[in-house]
Amino acid sequence: MVIGTSHLGQEIVAVRVSSDLSSAIGERPSVVHLAGQHAREWIGTEIDLRLLRLYLDGTDPDGALLANPHTDLWFVPVANPDGYDYSFSTEPLWRKNLRDNDGDGQITDADGVDLNRNLPYKWGFDNEGSSPLPGAPTYRGPSPASVPPLHHVMGLTRPPRHHVVSIGEELAI
């Protein structure tokens with residue numbers, strides 16, 4: 001399902017795996033498998049899709065993947081579609097989204113927000129894990145959860161019963 005759009009209007013897609021699709025979104029505890037938030041980490045999207053395939057095909061030999069039938073699983077293979085496309089077409093090492101921070105209508109190193117650093121939990125805690133400077137690769141954005149992809153992903157779950165698994169790291173939202 002389409003859960004929202006990016007800065008440039010691209011769809012952000014999520015797939016829900018649940019034993020009870022009649023329940024409302026956010027009603028049940030959820031695990032969100034989030035990938036593609038860093039544009040250049042293409043393998044994360046592939047891992048997310050392959051993990052989804054394991055669930056859908058039922059190829060989990062010991063049943064460990066579906067151990068809790070009361071939990072919804074969400075897969076967001078590309079949380080940053082603008083940056084993801086930009087990393088293929090223009091700059092392979094691009095990390096952030098394509099938010100036009102300076103409003104000049106052009107994408108430069110001074111633009112974009114690192115989605116992982118824009119999460120509300122301990123946003124701006126220090127300037128080592130993230131940066132307040134727009135030109136930095138780890139720019140955290142002007143305020144917590146200030147970029148559209150995060151609003152959409154956070155809308156899949158409702159506190160306090162949610163957990164986000166980012167390919168390669170665990171995130172608190």
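Contact means heavy atoms within 4.5 Å. The structure described here is a predicted model, in which local features need pLDDT of at least 70, side-chain atom pairs count only at pLDDT 80 or more, and totals for chains, interfaces and linings use all residues. Residues are numbered from 1 along each chain as its sequence is written, and side-chain values use heavy atoms, with hydrogens and water left out. The chain contains 3 helices and 7 strands, where helices (H or I, at least four residues) and strands (E, at least two) are DSSP runs numbered from the N terminus.

**Overall architecture**

- Along the sequence, the elements follow the order β-β-β-β-α-β-α-α-β-β.
- Of the 173 residues in the chain, 43% are buried; buried means under 20% relative accessible area, exposed over 50%, and partly exposed in between (1.4 Å probe, protein chains only).
- The chain has an accessible surface of about 8800 Å², and carbon and sulfur atoms account for 56% of this surface; the areas come from the Shrake-Rupley method with a 1.4 Å probe, and for residues only the protein chains shown count as cover.
- Considering contacts between residues at least 6 apart in sequence, 63% join residues at least 24 apart.

- Strand β4 (30–34) is mostly covered, with 5 of its 5 residues buried.
- Ser30, Val32 and Leu34 point to one side of β4, whereas Val31 and His33 point the other way.
- β4 pairs with strand β5 (residues 72–76) in the parallel sense over 5 bridges; two strands pair if DSSP finds at least two bridges between them.
- Within this pairing, Val31 stands opposite Leu73 in β5.

**Nonpolar cores**

- In soluble globular proteins, nonpolar side chains tend to be buried together.
- The largest nonpolar core comprises 16 residues, and those with the most contacts inside it are Ile3, Ala14, Val32, Val76, Val153 and Leu156; such a core is a set of buried Ala, Val, Leu, Ile, Met, Phe, Trp, Tyr and Cys residues joined through side-chain atoms within 4.5 Å.
- Two or more residues of this core come from each of β4, β5 and α3 (148–154).
- A second, separate core of 7 residues includes Val17, Val31, Leu52 and Leu73.
- Ala14, a member of the largest core, touches Met1, Ile3, Trp74, Phe75, Val76 and Leu156 when residues up to four places away in sequence are not counted.

**Helix α2 and the aromatic pairs**

- The buried residues of helix α2 (residues 81–89) are Pro81, Asp82, Gly83, Tyr84, Tyr86 and Ser87, and their cover includes β2 (11–13) and α1 (42–57).
- The whole structure holds 4 aromatic pairs; rings of Phe, Tyr and Trp (its six-membered ring) pair if their centres lie within 6.5 Å, with planes under 30 degrees apart counted as stacked, over 60 as edge-to-face and the rest as tilted.
- One of these is the stacked pair of Trp42 and Phe88, at 4.2 Å centre to centre with 15° between the planes.
- This pair links distant parts of the chain, since Trp42 lies in helix α1 and Phe88 in helix α2, 46 residues apart.
- Trp42 is partly exposed at 34% relative accessibility, and Phe88 is partly exposed with a relative accessible area of 48%.
- Tyr86 and Trp94 form an edge-to-face pair, at 5.1 Å centre to centre with 75° between the planes.
- Tyr86 is buried at 17% relative accessibility, and Trp94 is buried with a relative accessible area of 6%.
- Trp42, Tyr84 and Phe88 belong to one aromatic cluster.

**The loop between β3 and β4**

- Ser23 lies in the loop between β3 (15–17) and β4, and Ser23 is buried at a relative accessible area of 7%.
- The side chains of Ser23 and Arg16 are joined by a polar contact of 2.7 Å; a polar contact is a pair of N or O atoms within 3.5 Å, where within protein one must be able to donate a hydrogen and the other to accept it, and residues adjacent in sequence count only if both atoms are side-chain atoms.
- A polar atom of the Ser23 side chain lies 2.8 Å from the backbone oxygen of Asp20.
- Beyond its neighbours within four places in sequence, Ser23 is in contact with Arg16, Arg28 and Asp72.
- Glu27, also placed in the loop between β3 and β4, is partly exposed with a relative accessible area of 46%.
- The C-alpha atoms of Glu27 and Asp72 are separated by 9.2 Å, and these residues are 45 apart along the chain.
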